[in-house]
Amino acid sequence: MARRLNIETIGVKNPTVVDSSCDVVLRVKNISPVRGNFRQLVVCEDISSISGKTDLLTIQDFSKIRNNLSKKVRPNLGVEISIADARRLDANALGRWLSQAKNVYRLCKSARCQFIISSGAQSIFGMVSSRTF
Amino acid sequence: MLSRKNRRRYLAVLYEPNKSQTQVMRDIQGRFMELFGCLATELAYLRVYNSKQNGILILSCDLEYLERILFTIAMMDQSMTVVMMSGTIRKLRERLIQSEIRLN
């Protein structure tokens with residue numbers, strides 16, 4: 001399915017749930033040597049606990065990071081937002097979500113961070129077509 | 001004045017097969033209306049077509065509203081995704097059959 005959507009690499013928490021036809025990157029909280037041959041990304045969901053080893057900051061609630069983000073971001077850090085979070089929102093909240101995502105994008109651009117839009121998919125139906133954004 | 005036919009795009013939407021095509025279409029239309037309003041919904045001219053594949057809905061829209069439709073589908077509460085897109089329904093159906101053969 002990932003091939004049909006032109007997805008080359010999938011990020012997962014548990015490598016046993018995906019078939020080997022796709023390139024897999026493990027999303028971990030701490031780097032561990034006992035995770036096989038998979039590449040690893042250190043993911044952090046709490047802005048206050050970002051360390052030098054953190055690769056990705058996942059933003060779930062924009063209101064919590066409004067003031068801290070500009071102080072905490074550093075070049076080469078990935079800042080990730082998830083579309084799965086936005087799916088449940090009504091039109092007003094979705095508009096707000098988009099505007100806040102745009103602000104984060106501007107900040108990432110100025111701080112030379114990578115802005116990542118993730119589908120946050122739990123199944124193949126939750127994936128997002130590449131033409132969408 | 002020269003009348004020109006509006007260009008359309010045909011989308012293959014993969015959805016969880018526990019819902020009927022009519023229900024899925026109604027949900028997409030409802031979300032589109034919620035996000036972009038009644039006027040855009042009418043002008044997008046959304047239409048649904050039969051598909052032989054289980055869990056695939058063929059949807060067509062005006063080319064001008066394609067990006068809004070893609071956005072709407074990405075923002076649906078019920079998970080669904082666009083797997084293929086084409087300018088003609090015949091081509092889309094052919095490609096759906098081909099990809100089904102290739103993946104099986």
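Modeller: Gladly, ask away.

Biologist: Why is K91(B) called partly exposed?

Modeller: Its relative accessible area is 44%. Buried means under 20%, exposed means over 50%, and partly exposed is what lies in between, using a 1.4 Å probe and protein chains only. The value for K91(B) therefore falls in the middle class. This is a predicted model, in which local features need pLDDT of at least 70 and side-chain atom pairs count only at pLDDT 80 or more, while totals for chains, interfaces and linings use all residues. Residues are numbered from 1 along each chain as its sequence is written, chains are lettered from A and ligands numbered from 1 in the order in which they are written, and side-chain values use heavy atoms, leaving out hydrogens and water.

Biologist: What makes E94(B) and K91(B) a salt bridge?

Modeller: The rule asks for a side-chain nitrogen of Lys or Arg within 4 Å of a carboxyl oxygen of Asp or Glu. For E94(B) and K91(B) the N to O distance is 3.9 Å, so the pair qualifies. Both belong to helix α4 (residues 89-103) of chain B, three residues apart, or about one helical turn. Helices (H or I, at least four residues) and strands (E, at least two) are DSSP runs, numbered from the N terminus. E94(B), at 36% relative accessibility, also counts as partly exposed.

Biologist: Why does the pair R27(A) and E80(A) tie together parts that are apart in sequence?

Modeller: R27(A) sits in strand β2 (residues 23-28) of chain A and E80(A) in strand β5 (residues 78-82) of chain A, so the pair links parts 53 residues apart in sequence. The closest N and O atoms of R27(A) and E80(A) are 3.0 Å apart. R27(A) counts as partly exposed at 23%, and E80(A) as buried at 5%. R27(A) also stands opposite L41(A) in β3(A).

Biologist: What makes β2(A) and strand β3 (residues 39-44) of chain A a pair?

Modeller: Two strands pair if DSSP finds at least two bridges between them. Four bridges join β2(A) to β3(A), which run parallel, so they pass. β3(A) and strand β4 (residues 56-59) of chain A have two bridges, also in the parallel sense.

Biologist: Why is helix α3 (residues 66-74) of chain B called largely enclosed?

Modeller: Seven of its nine residues are buried, so the rest of the structure largely encloses α3(B). Among the buried ones are L66(B), F71(B) and I73(B). Their cover includes α3 and α4 of chain A.

Biologist: How many residues of chain A are in contact with chain B?

Modeller: 22 residues of chain A are in contact (heavy atoms within 4.5 Å) with 25 residues of chain B.
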